[in-house]
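Work through the following exercises on a two-part protein chain with the coordinates open. Each task is followed by a stepwise solution.

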Amino acid sequence: MNRETITLSLGADSYDIVLESGCLQQAGDLLNLNRKVLVVTDSGVPESYADTVDAASLAAEVVRIPQGEASKNFDHFRMLLSRMLAFGMGRGDCVVAVGGGVVGDMSGFAAACYMRGIDFYNIPTTVLSQVDSSIGGKTAIDLDGIKNVVGAFYQPCRVLIDPITLSTLSRRQIANGLAEAVKMALCFDPEAFVRFESLDFEAELALLASGQPSPALIRIISDALHTKRDVVEKDEKEQGLRRVLNFGHTLGHGIESVNVRNGMLHGECVALGMLPMCSDSVRKRLLPVLEKLGLPTACSSDPDQVMQAVVHDKKQFAGKIRSILVDTVGTFTEQELSPEELRQRYTKYFSS
Ligand SMILES: NC(=O)c1ccc[n+]([C@@H]2O[C@H](COP(=O)([O-])OP(=O)(O)OC[C@H]3O[C@@H](n4cnc5c(N)ncnc54)[C@H](O)[C@@H]3O)[C@@H](O)[C@H]2O)c1
Ligand SMILES: O=C(O)C(=O)C[C@@H](O)[C@H](O)[C@H](O)COP(=O)(O)O
Ligand SMILES: [Zn+2]
């Protein structure tokens with residue numbers, strides 16, 4: 001397959017995203033691993049992926065955290081820093097994330113903090129991390145049940161996206177990641193949304209399961225990366241435009257905080273969080289797409305509990321929460337909604 005290189009132009013923090021089937025096998029050529037390397041992965045990622053990076057490194061330690069959102073916490077973050085220190089890593093060494101958004105967000109934050117910042121590479125292996133979390137430099141951990149409340153903007157030095165790694169991912173995780181790509185298409189890219197409407201999801205899943213790359217999935221990944229690149233280049237630190245990438249996340253993060261112990265996934269909660277925030281006509285087109293992907297469209301979480309988490313949202317300003325609304329596919333508006341207005345949107349949509 002052809003290689004696509006997408007450059008994020010961010011001055012001194014610019015970097016390339018390499019999208020190519022099989023590029024994991026070229027990690028030794030594409031990354032500077034000729035130094036001490038902390039490879040961070042989790043218990044659900046096939047071991048061979050991190051082993052490939054280990055084998056290509058001058059000296060590596062592989063740290064494997066338990067899989068799942070519950071690991072994105074202060075204890076594991078601290079453990080990563082301790083491992084770096086015990087390994088004798090210095091400012092010239094690097095961290096490589098091999099896994100999904102949990103591994104990427106937390107190890108990126110550890111790289112940002114260790115010795116005030118060492119090089120960080122991301123090799124995302126879930127759809128969600130390939131379309132969204134591996135680029136743009138948001139790194140974070142959760143604290144006291146609140147998502148991403150401790151973190152930093154810290155850009156990776158390079159990102160390697162190998163769509164072949166998705167062949168081991170479950171159908172549910174694939175759909176989960178696609179929710180973030182649907183989000184970007186809804187806000188910015190009507191043509192990409194039409195491609196979702198005509199996607200033969202079952203056929204692409206069958207291709208992936210047979211170990212072949214899925215052209216439709218690669219196109220979705222590429223579309224999402226271009227959209228996110230354009231947004232982040234204009235507003236790296238989320239002072240304005242970048243807030244649109246939080247479409248679906250205000251209620252979504254609240255739903256996620258309440259349901260993380262029930263095993264609900266981030267993208268699933270974003271899918272739910274988008275529904276009350278669009279017009280009837282957009283929702284009419286969104287619902288069949290979510291249904292085709294097998295994403296949830298109904299939510300029975302207690303509104304008070306959801307709102308308790310929502311009010312900790314980072315987009316809160318003077319008692320109002322900056323929220324993104326989509327009235328037509330490809331355009332969005334931002335409105336400052338009170339917690340009560342958000343609660344009403346949630347209850348109006350999910351209890352009717
Ligand atoms: N930084 C950002 O901009 C950003 C954007 C979106 C989401 N996020 C964060 O990302 C996290 C969610 O990421 P995620 O959906 O990747 O979840 P995840 O990292 O928990 O990965 C999902 C599951 O897939 C398994 N897995 C990973 N790669 C695999 C593979 N190739 N084959 C088989 N199994 C594999 C993992 O072990 C895990 O169990 C959330 O914490 C969310 O807040 C961050
Ligand atoms: O990159 C961004 O900006 C995003 O908002 C992407 C989101 O999909 C992602 O979930 C992000 O971590 C949410 O940001 P947060 O600041 O609300 O934690
Ligand atoms: Zn998200």
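The exercises below treat a sheet, a domain contact and a helix pair in turn. The model is predicted, so local features need pLDDT of at least 70 and side-chain atom pairs count only at pLDDT 80 or more, while totals for chains, interfaces and linings use all residues. Residues are numbered from 1 along each chain as its sequence is written, and chains are lettered from A and ligands numbered from 1 in the order in which they are written.

**Exercise 1. Give the strand order of the open sheet and identify its edges.**

Step 1. Helices (H or I, at least four residues) and strands (E, at least two) are DSSP runs numbered from the N terminus. Strands pair if DSSP finds at least two bridges between them.

Step 2. The seven strands are ordered β1-β2-β9-β6-β5-β3-β4, and the pairing is mixed.

Step 3. β1 (4–8) and β4 (59–65) each have a single partner strand, so they stand at the edges with one side lacking a neighbour in the sheet. From one strand to the next, the twist averages 15°.

Step 4. Inside the sheet, β3 (residues 36–42) and β5 (residues 94–99) run parallel and are joined by four bridges. Leu38 stands opposite Val95 in β5.

**Exercise 2. Describe the contact between domain 1 and domain 2.**

Step 1. Domain 1 covers 4–166 and domain 2 covers 171–350, with bounds from an automatic or database domain assignment. Their C-alpha centres are 24 Å apart.

Step 2. Domain 1 gives 29 residues to the contact and domain 2 gives 31 residues; two residues are in contact if their C-beta atoms, placed from the backbone, lie within 7 Å.

Step 3. On the side of domain 1 that touches domain 2, at least two residues come from each of β1, β2 (15–19), α5 (127–133) and β8 (146–153). The largest share, five residues, is that of α5.

**Exercise 3. Determine how helices α10 and α13 pack.**

Step 1. The axes of α10 (residues 249–259) and α13 (residues 303–310) are 8 Å apart, at an angle of about 115°. Axes are lines fitted to C-alpha atoms, for helices over the stretch in contact, and angles run from 0 to 180 degrees between N-to-C directions.

Step 2. α10 and α13 are therefore roughly perpendicular to each other, a class that spans 65 to 115 degrees.

Step 3. Residues in the contact include Leu251 and Ile255 of α10, and Val306 and Met307 of α13.

Conventions: Parallel < 35°, antiparallel > 145°, perpendicular 65-115°, else oblique.
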